[in-house]
Amino acid sequence: MSEDMNFVTVQEMAQQAEYTKKVRDMIKDKQLKAFVYTLGCQQNEADSERIRGIFLSMGYTVTDDEEIADLIMVNTCAIREHAEKRALSVIGRYKHNKARNPDTVIGVCGCMPAQGHRSEQLKHSYHYVDFVFGTGSLHKIPEYVYNALNKGKRIFVAESDKPKIAEGVPVVRESSFKAWVSIMYGCNNFCTYCIVPYVRGRERSRKMQDVINEVRTLVNEGYKDITLLGQNVNSYGKDLDGSPTIADLLNEISKIEGDFWIHLMTSHPKDASSALIDAISKSDKIANHFHLPLQSGSDTVLKRMNRHYDKEKYLSIVKELKEKNEGIVFTTDIIVGFPGESERDFEDTLDIVKRVEYDSIYTFQFSPRKGTAAYSMDDQIPEDVKKERFERLNEVQNEISKAKNEAMIGKTVKVLVEGKSKNNDKIYSSRTEGNKIVHFSSDKDLTGQFINIKIIRADTFALYGEI
Ligand code: 5AD
Ligand code: SF4
């Protein structure tokens with residue numbers, strides 16, 4: 001199969017450009033405003049930046065105020081039940097916008113409506129929503145908006161498991177110094193708890209040259225922190241002609257001149273190769289930070305999760321990363337309360353957390369997702385046990401985080417300044433290469449710049465220093 005099968009054709013993109021022009025002509029001189037509400041992960045943040053790009057190209061201005069928006073898009077998440085509840089509640093409140101102004105156009109996209117039952121629910125219970133699609137039809141927003149402006153039939157797009165990559169969609173980035181670059185979409189792994197493969201389809205990689213060109217342009221524009229995004233960036237390139245690897249991509253990106261950091265989000269331990277680890281250690285551009293989702297420290301639970309690695313394999317990757325990259329910062333994702341997780345299993349997780357010494361972890365209580373294998377597994381864990389394990393795990397981690405942060409006192413670190421703190425005009429927030437927050441005071445606004453900070457104080461969640 002040729003890699004071109006994975007891409008939206010030039011003709012289809014040209015068709016959308018026609019719709020873009022038609023919308024622009026229709027709304028000319030009306031000064032219409034568009035708003036996007038984003039829930040969920042960085043992939044959704046990145047998609048929303050493309051949605052805003054499309055809004056601008058159609059002649060809308062982008063607003064942060066949903067009350068005055070003529071076009072509203074909700075970009076949803078489905079990873080846990082809580083995220084879906086929030087999405088439905090956000091969509092619910094736009095009923096009033098439509099009642100107030102029947103010309104308001106309302107769309108819903110992202111992972112939630114990519115599930116048939118949610119799309120049906122939106123069709124039948126949210127009559128004021130004009131169009132709904134999942135994650136693979138973002139480039140068709142001009143067509144959907146044009147249809148809604150002309151009071152056409154409501155649109156509900158059924159997503160295939162092979163959605164295509166659309167190159168050349170305009171982007172409006174939130175930040176002028178931090179950027180997301182999607183390098184691949186979808187996932188082939190079917191971890192038994194996870195809805196992602198069902199809502200984002202199979203893995204598709206962007207062509208290496210397209211990624212490199214985008215990163216080079218960003219660096220030339222002054223971007224300092226670029227995160228390469230994918231559900232499992234370690235399997236990048238498998239579907240491309242010539243099968244380039246993530247290590248090849250990183251080696252090429254490292255040749256780009258300039259002062260910038262590259263982060264990766266997210267890696268799957270089963271595909272973390274020595275070539276990738278070497279690419280990180282060879283390059284001073286690839287951040288000395290590795291986010292390596294553990295999910296569980298128990299071999300039996302990992303098997304039932306369909307993760308394809310065990311405790312030993314995970315620890316051997318960590319060891320190799322530590323040996324080849326002095327001072328590397330580890331972060332991870334962990335699920336507590338997966339069906340059948342015993343106290344012993346949970347203790348295995350605590351054991352790995354203590355052995356790896358992560359700088360920080362993201363902990364989640366298992367949330368059954370309709371359509372996934374774990375949804376109907378026996379031995380679902382009661383909510384109070386999940387909560388208790390969640391708290392115990394965080395207590396263990398907080399002590400580790402605090403000790404690791406305290407060990408930074410006296411050291412001088414390079415940070416990227418992110419902006420003023422919310423409560424104090426003279427205090428700035430910044431981040432290290434390992435994503436740790438560092439507060440410092442300054443009379444000058446250094447937002448978006450790399451500076452060196454000497455750490456003088458530390459607590460569990462942040463470091464404090466002086467320039
Ligand atoms: N319940 C709880 N957490 C989940 N995650 C994915 N699916 C679920 C679920 N059903 C977590 C995993 C993943 C992170 C993004 O979300 O830890 O790495
Ligand atoms: Fe979900 Fe597993 Fe794919 Fe990550 S690798 S997106 S956890 S199925």
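This is a predicted model: local features need pLDDT of at least 70, side-chain atom pairs count only at pLDDT 80 or more; totals for chains, interfaces and linings use all residues.
Residues are numbered from 1 along each chain as its sequence is written, chains are lettered from A and ligands numbered from 1 in the order in which they are written, and side-chain values use heavy atoms, with hydrogens and water left out. Helices (H or I, at least four residues) and strands (E, at least two) are DSSP runs, numbered from the N terminus.

**Ligand 2**

- Around ligand 2 stand C187, N189, F190, C191, Y193, C194, V196, P197, Q231, H268 and R307; a residue is counted here if one of its heavy atoms lies within 4 Å of the molecule.
- This shell holds seven nonpolar, three polar and one charged residues.
- Ala, Val, Leu, Ile, Met, Phe, Trp, Tyr, Cys and Pro count as nonpolar, Asp, Glu, Lys and Arg as charged, and the others, Gly among them, as polar.

**Helix 13 with helix 14**

- Helix 13 (residues 343-356) packs with helix 14 (residues 383-406) at an angle of about 15 degrees, and their axes are 10 Å apart.
- Axes are lines fitted to C-alpha atoms, for helices over the stretch in contact, and angles run from 0 to 180 degrees between N-to-C directions.
- Helix 13 and helix 14 are therefore roughly parallel to each other; angles under 35 degrees count as roughly parallel, over 145 as roughly antiparallel, 65 to 115 as roughly perpendicular and the rest as oblique.
- The crossing of helix 13 past helix 14 is right-handed; a crossing is right-handed if the near helix is turned clockwise from the far one by less than a right angle, and left-handed if anticlockwise.
- From helix 13, E343, F346, E347, L350, V353 and K354 meet R389, R392, L393, V396, Q397 and I400 of helix 14, where contact means heavy atoms within 4.5 Å.
- By class, six residues of the contact of helix 13 with helix 14 are nonpolar, one is polar and five are charged.

**Helix 12 with helix 13**

- Helix 12 (residues 311-324) and helix 13 have axes 11 Å apart and pack at about 10 degrees.
- Helix 12 and helix 13 are therefore roughly parallel to each other.
- K311, Y314, L315, V318 and K322 of helix 12 meet D348, D351, I352, R355 and V356 of helix 13.
- The contact of helix 12 with helix 13 has five nonpolar and five charged residues, and no polar ones.

**Helix 9 with helix 10**

- The axes of helix 9 and helix 10 cross at roughly 15 degrees and come within 8 Å.
- That makes helix 9 roughly parallel to helix 10.
- Helix 9 and helix 10 form a left-handed crossing.
- I246, A247, L250 and N251 of helix 9 make the contact with A275, L276, A279 and K282 of helix 10.

**Salt bridges**

- The count is 36 salt bridges, each a side-chain nitrogen of Lys or Arg within 4 Å of a carboxyl oxygen of Asp or Glu.
- One salt bridge joins the side chains of E174 and R52 (3.4 Å, N to O).
- E174, in the loop between strand 6 (155-156) and strand 7 (178-182), and R52, in helix 2 (residues 42-57), are 122 residues apart.

**Backbone features**

- The peptide bond from M265 to T266 is cis, with omega near 10 degrees.
- T266 lies in the loop between strand 11 (261-265) and helix 10 (274-282).
- S243, a residue other than glycine, has a positive phi near 45 degrees.
- S243 lies in the loop between strand 10 (225-229) and helix 9 (246-254).
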